There are 2 protein chains.
Amino acid sequence: FDSRAGSFSPTHHPTGPRRPSPLRAMGLVKKGDAEATPAEAPEDPPVVKQLKELDDKYLELEKEYDREVQKLLVKFSALQQPLLEERKQVLLTSEGDGPTTGTPALSGFWLKAMQHHPNFEDFIQEWDEPVMEFLQDITKAHADEEDSNKGFKLVFHFAENPYFENKEIEKVYTSEMSNPYCGEIDVKEIKCTTIEWKAGKDVTVEKVAKKVKGGGAKKAKQKKEKDEPRPSFFREFFRNLKE
Amino acid sequence: FDSRAGSFSPTHHPTGPRRPSPLRAMGLVKKGDAEATPAEAPEDPPVVKQLKELDDKYLELEKEYDREVQKLLVKFSALQQPLLEERKQVLLTSEGDGPTTGTPALSGFWLKAMQHHPNFEDFIQEWDEPVMEFLQDITKAHADEEDSNKGFKLVFHFAENPYFENKEIEKVYTSEMSNPYCGEIDVKEIKCTTIEWKAGKDVTVEKVAKKVKGGGAKKAKQKKEKDEPRPSFFREFFRNLKE
């Protein structure tokens with residue numbers, strides 16, 4: 001989960017260049033160049049032409065590499081899938097007298113898993129925890145099996161629970177490769193299932209006393225409450241966004 | 001260039017899960033578990049044993065996938081290398097009367113390339129620009145061809161120039177896979193070549209008048225200057241770090 005496209009820090013460089021970075025290209029090919037028609041574009045000097053030809057060859061190999069990696073991804077995902085399915089079955093096995101949570105065989109499995117994950121740990125609040133006990137599984141799927149750059153979705157599967165009606169909460173990321181020369185991918189849209197909270201069970205808000213303007217002792221007694229948003233995994237993670 | 005390991009933003013998720021994330025594992029296997037001897041570790045309940053076995057199988061496939069991708073990386077890097085070599089030759093070709101910069105065939109090629117790159121653009125200051133005109137090439141190499149997680153180095157090749165003595169400035173990243181269950185890689189060390197600036201040519205500092213405490217008109221005339229650090233690509237990018 002990279003946080004900001006285009007960010008850079010001299011202190012962290014966790015993955016390094018997985019493949020040679022076609023730095024050369026970036027000086028010459030900018031966004032939108034592809035759309036310029038030959039009539040509009042001024043003729044390139046010979047040296048630039050020569051460099052662009054090299055660039056095209058380089059990028060062709062890059063795309064071939066991506067396609068090969070994609071094939072491996074599909075292949076190994078298929079090999080791993082039965083293990084994930086088996087895990088789910090193990091976790092859902094109930095011995096009858098166990099607690100009725102999302103994973104009766106090992107209560108709170110997913111909550112713990114997410115609390116240990118660097119991408120989630122800071123998002124999970126105290127009041128999210130009892131809700132997440134009802135998580136049964138998290139699954140993912142790519143928007144396009146041939147091209148993982150186009151996006152993916154995460155599906156959070158929940159057991160019947162006192163908090164909301166949904167059985168599944170989805171988060172769908174739609175993205176595209178915006179700059180093939182430096183492998184930059186832009187997220188264009190994020191769409192999430194609306195959570196249908198049961199009455200009074202929305203953990204993303206808290207009841208606070210409503211200030212009643214003016215009024216005497218009588219009015220002060222009629223305490224009113226209103227819902228104020230508070231931090232929550234269910235608010236911050238399942239948020240719609242559009243570029 | 002991911003900025004912070006463990007960072008997360010609901011707004012950007014540029015690459016998505018390239019491969020299934022073994023979330024399950026993270027609830028059960030923590031850092032250091034491997035070092036615990038069976039004598040110290042309490043016996044796992046049967047369900048945890050079962051889940052750990054599934055995890056090991058999953059991780060075995062994950063490693064096999066990594067090895068296959070690594071092979072592709074080596075293969076395609078080798079195919080691309082001649083194109084990078086040709087690019088270098090094109091750029092270095094001098095027609096004799098051209099400017100004596102790093103890339104006589106196309107002056108300022110690398111400066112432009114880096115200014116267009118999202119990971120560098122914010123680092124390059126006005127005073128860095130004339131220095132970067134002398135860049136001839138940027139090359140990279142992995143610390144271990146079999147395992148790209150172990151780190152890599154970038155080498156900045158410079159033509160003879162009025163600014164510093166170095167012909168090559170290296171930045172070496174040493175990293176390791178710290179958590180195979182979520183693919184977390186930690187940078188352990190960054191080591192850079194010390195830049196040997198020529199006298200008065202260090203663009204990473206600026207001369208400022210030194211405040212002379214006390215003293216009258218006579219002392220004030222003896223203006224002293226001292227070097228104050230200022231932002232610079234050469235300061236911020238080539239910085240040593242150790243965990």
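**View 1. The open sheet of chain B in this predicted model.** Five strands, that is, an open sheet of 5 strands in the order β1-β2-β3-β4-β7, make up this part of chain B, with antiparallel pairing (strands are DSSP runs of E with at least two residues, numbered from the N terminus, and two strands pair if DSSP finds at least two bridges between them). Because β1 (135-142) and β7 (241-242) of chain B stand at the edges with a single partner strand each, one side of each has no neighbour in the sheet. The model is predicted, so local features need pLDDT of at least 70 and side-chain atom pairs pLDDT 80 or more, whereas totals for chains, interfaces and linings use all residues. Residues are numbered from 1 along each chain as its sequence is written, chains are lettered from A in the order written, and side-chain values use heavy atoms, without hydrogens and water.

**View 2. The pairing of β1(B) with β2(B).** Strand β2 (residues 151-158) of chain B is joined to β1(B) in the antiparallel sense over 7 bridges, and within this pairing B:Ile138 stands opposite B:Phe156.

**View 3. Surroundings of B:Phe234.** Leaving aside residues up to four places away in sequence, B:Phe234 touches several residues, among them B:Asp128, B:Phe158, B:Trp197 and B:Thr204 (contact means heavy atoms within 4.5 Å).

View 4. Over residues 1-38 of chain A, pLDDT stays under 50 (pLDDT is the predictor's confidence in each residue, from 0 to 100), while the mean for chain A is 81. Where pLDDT is low, the predicted coordinates should not be read in detail.

Conventions
Helices (H or I, at least four residues) and strands (E, at least two) are DSSP runs, numbered from the N terminus.
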